[in-house]
Amino acid sequence: MPNSPAASIPGPEISASEKSEKTAQWVRADRDRLMHPNLPDSRTERTVMVEGRGCHVRDSSGRKYLDAAAVLGVMQVGHGRSEIVEAATAQMSSLECFHIWETMSNDKAIELAVRVTGLAPPGLERAYFTSGGAEGNEIALRMARYFHYRREQPERTWILSRKSAYHGIGYGSGSVSGLPVYHQGFGPVMPDVHHLTAPDPYHAEAYGGEDVTEFCLRELRETIERIGPERIAAMIGEPVMSVGGAVIPPPDYWPRVAELLRSHGILLIFDEVVTGYGRTGRWFAAEHFGVTPDIMVTAKGITSGYVPHGAVLVSDEVAATVTGSTGFPIGFTYTGHPTACAVALANLDIIEGENLLENAVKTGGYLADRLAPLRDLPAVGDVRQIGLMLGVELVADKTARTQLPTGAAPVVQALREDEGIIVRGNPRSLLINPPLVLDRGAADQLADGLFSVLERVGTDGR
Ligand code: PLP
């Protein structure tokens with residue numbers, strides 16, 4: 001069967017009544033047995049996904065949806081790619097699993113390390129593999145502190161991060177995340193973390209009349225002075241904030257931050273877990289800003305989510321320092337997992353072979369043009385786009401730029417239920433990250449659905 005991204009989802013194979021009985025069983029078992037992130041008990045409904053092809057998925061009742069969230073921002077090449085299934089099958093048939101601790105290695109981990117460091121901005125020459133984004137950020141934070149420890153500066157332990165940032169839910173990655181919900185109730189967070197103000201050009205009035213970059217740079221300079229540069233290990237940031245709402249910083253922000261950090265010997269960690277592997281129309285968002293970090297954390301799009309995987313890309317200087325004569329002492333069981341690496345290689349072949357970066361630029365630009373008139377609607381404040389990463393900020397008051405009292409949740413629900421379109425939302429914005437194989441037809445479906453729902457939304461969010 002052709003398994004191109006455009007191929008449609010196969011039709012139902014069981015009768016409608018069998019389907020609804022099966023769905024009812026699954027929903028009951030789900031409620032009884034399965035714990036979901038971020039789901040209150042009062043919500044009893046479930047959408048049980050069972051299959052996917054290209055940009056679409058189908059639930060257990062047979063309903064088809066446009067997956068404009070690319071699962072959770074992972075699915076670059078679209079659902080149902082036989083090339084990836086074949087790569088995983090071939091690898092599992094030869095060597096499904098082995099580790100790369102000490103002198104052990106495997107061919108796929110080596111090939112993937114060569115491949116991803118070849119794609120990364122020049123200067124990031126070594127790869128450390130993980131099973132996801134939070135794990136990658138844990139490694140990056142530890143590498144940064146260990147780097148200074150190995151250079152006889154063990155007092156450099158402070159990590160600078162930003163408010164509204166999301167870096168995952170590990171101990172370190174959760175602590176550097178700048179959203180209070182990831183801290184409250186979970187006991188002490190990691191010490192020596194400071195959250196700075198993140199640049200958000202749409203809310204420029206919040207910077208006290210100062211230019212957004214100037215404000216952030218002044219705050220960074222003052223913070224470095226207050227803590228003392230000799231006590232700061234690194235600053236971590238998403239080049240473009242994802243969970244925060246596709247917030248694109250002013251073009252001079254990252255180059256100036258990088259320069260200031262470098263002048264104080266502070267490492268820069270980019271979290272490219274969402275932005276990596278073509279999401280913004282370049283291999284990595286760092287390229288938009290002409291900045292090469294010392295450590296770059298990637299995951300999600302490296303395998304399009306077919307299996308969990310991630311890669312931390314590191315400069316030669318950092319790698320050599322943390323490795324030293326005794327080796328970097330920490331690793332995961334699945335660091336360099338050969339099946340995950342084989343899947344990543346097949347996924348990168350598709351991204352390259354089908355020019356998906358170019359498609360992200362073209363179809364992302366087309367979507368931005370189609371969505372621009374959304375700004376005329378009463379509840380829409382801003383529409384942001386970079387490649388196929390989009391954010392639609394919803395407002396109760398266009399002048400004051402205040403958020404809807406309901407957040408984006410009712411809009412996300414209406415898009416799913418009324419239009420068959422899946423997006424994500426936060427209290428301020430809709431987060432739209434479609435697969436990079438999105439074509440014009442699916443882009444039109446997305447734009448039409450957004451208009452249809454947002455035209456009905458009042459400034460009370462209903
Ligand atoms: N960093 C960013 C920017 C993310 O958006 C996420 C997850 O959405 C993570 C890190 C955490 O990745 P994971 O859920 O794979 O641990």
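Predicted model: local features only at pLDDT ≥ 70, side-chain atom pairs only at ≥ 80, totals over all residues.

Visitor: How do H3 and H11 run, roughly parallel or roughly antiparallel to each other?

Guide: Go by the angle, which is about 150° for H3 and H11. Angles over 145 degrees count that way, therefore H3 and H11 are roughly antiparallel.

Visitor: What is the handedness of the crossing of H3 and H11, and which class of residue leads in their contact?

Guide: The crossing of H3 and H11 is right-handed. H3 brings residues including Ile-84, Ala-87, Met-92 and Leu-95, and H11 brings others, among them Val-343, Leu-345 and Ile-350. By class, the contact of H3 with H11 has one charged residue, three polar and eleven nonpolar.

Visitor: On to H7 and H8. How are they oriented to each other?

Guide: Helix H7 covers residues 212–227 and helix H8 covers residues 253–263; their axes come within 10 Å and cross at roughly 20°. Angles under 35 degrees fall in one class, therefore H7 and H8 are roughly parallel.

Visitor: Which residues of H8 meet H7, and what is the handedness of that crossing?

Guide: On the H7 side you'll find Thr-213, Cys-216, Leu-217, Leu-220 and Arg-221, and they meet Tyr-253, Arg-256, Val-257 and Leu-260 in H8. By class, the contact of H7 with H8 has six nonpolar, one polar and two charged residues. As for the crossing of H7 and H8, it is right-handed.

Visitor: And what is the orientation of H13 and H14?

Guide: Helix H13 (residues 409–419) and helix H14 (residues 440–454) have axes 10 Å apart and pack at about 120°. Angles from 65 to 115 degrees would count as roughly perpendicular and those over 145 as roughly antiparallel, so H13 and H14 are oblique.

Visitor: Which residues of H14 make the contact with H13?

Guide: The crossing of H13 and H14 is right-handed. H13 puts in Val-411, Ala-414, Leu-415, Asp-418 and Glu-419, while H14 answers with Gly-449, Ser-452, Val-453 and Leu-454.

Visitor: Now the ligand. Which helix gives the most to the shell around it?

Guide: The ligand is surrounded by 15 residues, the closest being Gly-132, Gly-133, Ala-134, Gly-168 and Val-273. By class, that shell has seven nonpolar, six polar and two charged residues. With three residues, the biggest giver to the shell is helix H5 (residues 133–150).

Visitor: Last one: what is the radius of gyration of the protein?

Guide: The protein has 14 helices and 16 strands, and its C-alpha trace spans about 70 × 60 × 45 Å along the principal axes. A compact globule with 462 residues would have a radius of gyration near 23 Å, which agrees with the protein's 22 Å.

Methods
Residues numbered from 1 in each chain as written. Axes fitted to C-alpha atoms, helices over the stretch in contact; angles between N-to-C directions. Helix = DSSP H or I, 4+ residues; strand = E, 2+ residues; numbered from the N terminus. Left-handed = near helix turned anticlockwise from the far one by under 90°. Contact = placed C-beta atoms within 7 Å. Nonpolar A, V, L, I, M, F, W, Y, C, P; charged D, E, K, R; others polar. Near = placed C-beta within 6 Å. Rg over C-alpha atoms; globule rule 2.2 N^0.38 Å.
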